[in-house]
Amino acid sequence: MRVLLLYPLFPKSFWSFEKILELVDRKALMPPLGLVTVAAILPQSWEFRLVDQNVCRITEADWDWADLVILSAMIVQREDFLYQIREAKRRGKRVAVGGPYPTSLPHEAQAAGADYLILDEGEITLPMFVDALERGEPSGIFRANGEKPDVTTTPIPRFDLLDFKAYDNMSVQFSRGCPFQCEFCDIIVLYGRKPRTKTPQQLLAELEQLYELGWRGAVFMVDDNFIGNKRNVKLFLKELKPWMVEHGYPFRFQTEASVDLAKDQELMDLMVECGFNAVFLGIETPDEESLTLTQKFQNTRDSLSDSVETIIRSGLRVMAGFIIGFDGEKPGAGDRIVRFVEQTDIPGAMFGILQALPDTALWHRLKKEGRLRNQDSKIDQATLMNFVPTRLIEEIAREYVAAFWTLYDPMCYLERTHRHFRKMGAPTYSGTSRKIDWVSVRALLKIAWRQGFVRKTRLKFWLNLFDIVRHNPKVWTDYLAVCAHIEHFLHYREIVRNQIETQLAEYLANEGRLAALATDGNEGKAAIAS
């Protein structure tokens, strides 16, 4: 059996970083960890070929080679995912699909022509699929029916299928699930509220495999909430630390965590000692009423700004997510988010309009209230909300665009990044320094030219850089890397503004037509009555 593993295109987004990746000759931020894990679970007597559309486009030779095509996708990859299913079927290929998007909205993949829907978590449903193939079944839907797999049995992903030179980060996963109950989040729908973890030895074996294959550099632990099971994560970190020492600190780790990380100094110290240098936090909003309404109670127990400060001073760069459009939200939410980001000195603030994701508690509540505007999967960060909010959509949209524009003003971003790294705790480990090669030097020169000579940031760029080198010299390379991110955001904020303003104009025009029709109808009724 020759299996083509096909990963669809991502649209331009907050995380796509095209302008940064171009600087360092990389094609994509991270590889498709799900598909290389699928390849490890399926029979190893099969042949596998991986085509990541974000790295290189599929060819006719790839289609001709394949007996079976397997696709996995997130909702944001919807357009290319559905297109590639149709292309595969046009060539007479059998198509199997899985992952978060088809699990949430299986009817869309089915309508596009997918033969096999391998839904939920693959450790359970992939063996069902293999059995169906062996029985000669031409199609099927395979579900776990609420069962969650024991991830300690998950094999090492087939990292050998990846072109390492194409990616800026590698990725591994220690746990699945999150213990919290945020109304808008689909993680707990897909993976449950009881975090399941791999064993320390199991994840060390994955890291060893990456090391043996020659990877050096950034590794993102893609856990839904890395600290969801604090006991197990501490056990892992205590095993990871000597491994990193023995191997000369070949990796720099980043991950996602809940903001209550700030309450566990031991855990933060362990992370830094193991080579973690950044963490993404779901802050969402500084408005406590909105946090309570959306059931993000973990963000209301302590001061959010104090928590961010504690994490930064412990040596972890903070990235954070923010959302506008919660029910009951008061006007000026965009300005409040900007003030919070500036106050806490968070360089990378992922900011989006609230969306009701399929099958979440928010989705079901809004559907019951008759407030869902559409129920398809056309959702990304440059999309108007897919439900009727409690305040005017145009007010939310305009606040969003204005706030995004302000957050990624070059001077504001540079100053915020400088303040962040100025107070950031320095790394406590003494490992292998970041590789310096011509690509790195060329990227550095381009950033220095654009930010230190061409733009209005020129004076601040050099003053801030010299200040970081003088007062916190161990972080200067990471500082420059984060300064470089503005190259992406300058481009992406234009996309956000243009797309939101276009959608808003269409929405308001449509609302005007509906109002006119309603007026004409009422006038007609009045004429008949008279």
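Reply: Happy to! This is a predicted model.

Me: Which residues of α2 are the buried ones?

Reply: They are Leu33, Leu35, Val36, Thr37, Val38, Ala39 and Ala40.

Me: And what do the buried residues of α2 pack against?

Reply: Their partners are the strands β1 (2-7), β2 (47-52), β3 (68-72) and β7 (169-172), along with helix α7 (122-134).

Me: Ok, another helix. Which residues are buried in α15?

Reply: In α15, which covers residues 361-368, Leu362, Trp363 and Leu366 are buried. Looking down the helix axis, the buried residues fall within an arc of 100°, so they line one face of α15.

Me: What comes just after α15?

Reply: Gly370 sits there, with a positive phi of about 70°.

Me: Where else is phi positive, in residues that aren't glycine?

Reply: Tyr249 is one of them, with phi of about 50°. Glu284 is another example, and its phi is near 75°. For background, most residues other than glycine have a negative phi.

Me: Where do I find Tyr249, and is it buried or exposed?

Reply: Look in the loop between α10 (230-246) and β11 (251-257). Tyr249 counts as buried because its relative accessibility is 9%, and the cut-off for buried is under 20%.

Me: Then what are the angle and distance for α17 and α20?

Reply: Helix α17 (residues 410-423) and helix α20 (residues 476-483) pack at about 155°, and their axes are 10 Å apart. Angles over 145 degrees count as roughly antiparallel, so that is how α17 runs relative to α20. The crossing of α17 past α20 is right-handed.

Me: Which residues make that contact between α17 and α20?

Reply: From α17 you have Tyr413, Leu414, Thr417, His418 and Phe421, and from α20 there are Asp478, Tyr479, Val482 and Cys483. Sorted by class, the residues of this contact are six nonpolar, two polar and one charged.

Me: What about α18 and α19, how do their axes cross?

Reply: The axes of α18 (residues 438-454) and α19 (residues 458-471) cross at roughly 120° and come within 5 Å. That angle makes α18 oblique to α19.

Me: Who meets whom there?

Reply: On the α18 side are Ile447, Ala448, Gln451, Gly452, Phe453 and Val454, and they meet Arg458, Phe461 and Trp462 in α19. This contact has six nonpolar, two polar and one charged residues.

Me: Last topic: where is Gly113?

Reply: Gly113 is in the loop between α6 (106-112) and β5 (116-118). Its relative accessible area is 24%, so Gly113 is partly exposed.

Me: What does Gly113 touch, apart from its neighbours within four places in sequence?

Reply: Gly113 is in contact with Ile85 and Lys89. As for Glu87, it is 26 residues from Gly113 along the chain, and their C-alpha atoms are separated by 9.7 Å.

Terms used: Residues numbered from 1 in each chain as written. Predicted model: local features only at pLDDT ≥ 70, side-chain atom pairs only at ≥ 80, totals over all residues. Heavy atoms only, no water. Axes fitted to C-alpha atoms, helices over the stretch in contact; angles between N-to-C directions. Helix = DSSP H or I, 4+ residues; strand = E, 2+ residues; numbered from the N terminus. Parallel < 35°, antiparallel > 145°, perpendicular 65-115°, else oblique. Left-handed = near helix turned anticlockwise from the far one by under 90°. Contact = heavy atoms within 4.5 Å. Nonpolar A, V, L, I, M, F, W, Y, C, P; charged D, E, K, R; others polar. Buried < 20%, exposed > 50% of the residue type's maximum accessible area, 1.4 Å probe, protein only. Arc of directions from axis to C-beta.
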